[in-house]
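Open the model in your viewer and keep the selection panel at hand. The stops below go from the whole chain to single side chains.

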Amino acid sequence: MRRLRILAVLFPLALMLMPAFGVTQEIVLVASYGVENWGSTSNAIFTVHPSASSDNSALGQSFILTSENLLLSARFYVFRVGSPVASMQAQLFATDGTAPTGSAIASSQSLEAGTFSTTIGLVEFSFDAANRYAMKSSIRYFVALVAVAATTFDLNNRVNAGYDPTAIH
């Protein structure tokens, strides 16, 4: 059997993980940082990632695991403003210990931003079998919500992700 784990971190999001060598099939909540911590603060994404502009092209959270796990999915608290036409993904990045570096080491399947609700809620991004990255323990990773392609994506047609501005990041 396989054990699935859910990990939620400070940027109100959740990661669905499976131990790399697990043998049980139960879901275990490792940590939680839910939407009740949101505090009505959000950041907007309205630029395709990566971007040379100063506009946000990605929003996310760093984390460290205490055991080896495979990344199955990531959930973000998001909502749309207007009618964005953009393909969104969750992407996993290595870090230099504090900030993301280089290209994504795993990318989820794409979801269309126009299908997101206009009120904040969890949206899950699944990583298919080819993108289930085996994360090591004691290493800092960064998971980000990014736009990978867009035709209508601007200040009036965007995706917002909730976060807690009072938390220590």
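Buried means under 20% relative accessible area, exposed means over 50%, and partly exposed covers what lies in between, with a 1.4 Å probe and protein chains only. The model is predicted, so local features need pLDDT of at least 70 and side-chain atom pairs count only at pLDDT 80 or more, while totals for chains, interfaces and linings use all residues. Numbering starts from 1 along each chain as its sequence is written, and side-chain values use heavy atoms, with hydrogens and water left out.

**Whole chain**

The protein has 13 strands and zero helices; both are DSSP runs numbered from the N terminus, with helices being H or I of at least four residues and strands E of at least two. Of the 169 residues, 44% are buried.

Among contacts with a separation of 6 or more, 72% are between residues 24 or more positions apart.

Now draw the surface. The protein exposes about 8,200 Å², and carbon and sulfur atoms supply 52% of that area. Accessible areas come from the Shrake-Rupley method with a 1.4 Å probe; for residues, only the protein chains shown count as cover.

**Aromatic rings**

How many aromatic pairs does a search of the whole structure find? There are four. Rings of Phe, Tyr and Trp (its six-membered ring) pair if their centres lie within 6.5 Å; planes under 30 degrees apart count as stacked, over 60 as edge-to-face and the rest as tilted.

Select F76 and F125. Their ring centres are 6.0 Å apart and their planes stand at 80°, so this pair is edge-to-face. F76 belongs to strand 6 (residues 69-81) and F125 to strand 10 (residues 121-126), so the pair links distant parts of the chain, 49 residues apart. F76 is buried at 0% relative accessible area, and F125 is buried with 0% relative accessibility.

Then select F63, Y133 and Y141, which ring pairs link into a cluster.

**The loop at D154**

Move to D154, in the loop between strand 12 (140-152) and strand 13 (158-163). D154 is partly exposed, at 32% relative accessible area.

Finally, show the backbone nitrogens of N156 and N157. The side chain of D154 reaches the N156 nitrogen at 3.0 Å, and a polar atom of that side chain lies 2.9 Å from the N157 nitrogen.

Terms used. Contact means heavy atoms within 4.5 Å. A polar contact is a pair of N or O atoms within 3.5 Å; within protein, one must be able to donate a hydrogen and the other to accept it, and residues adjacent in sequence count only if both atoms are side-chain atoms.
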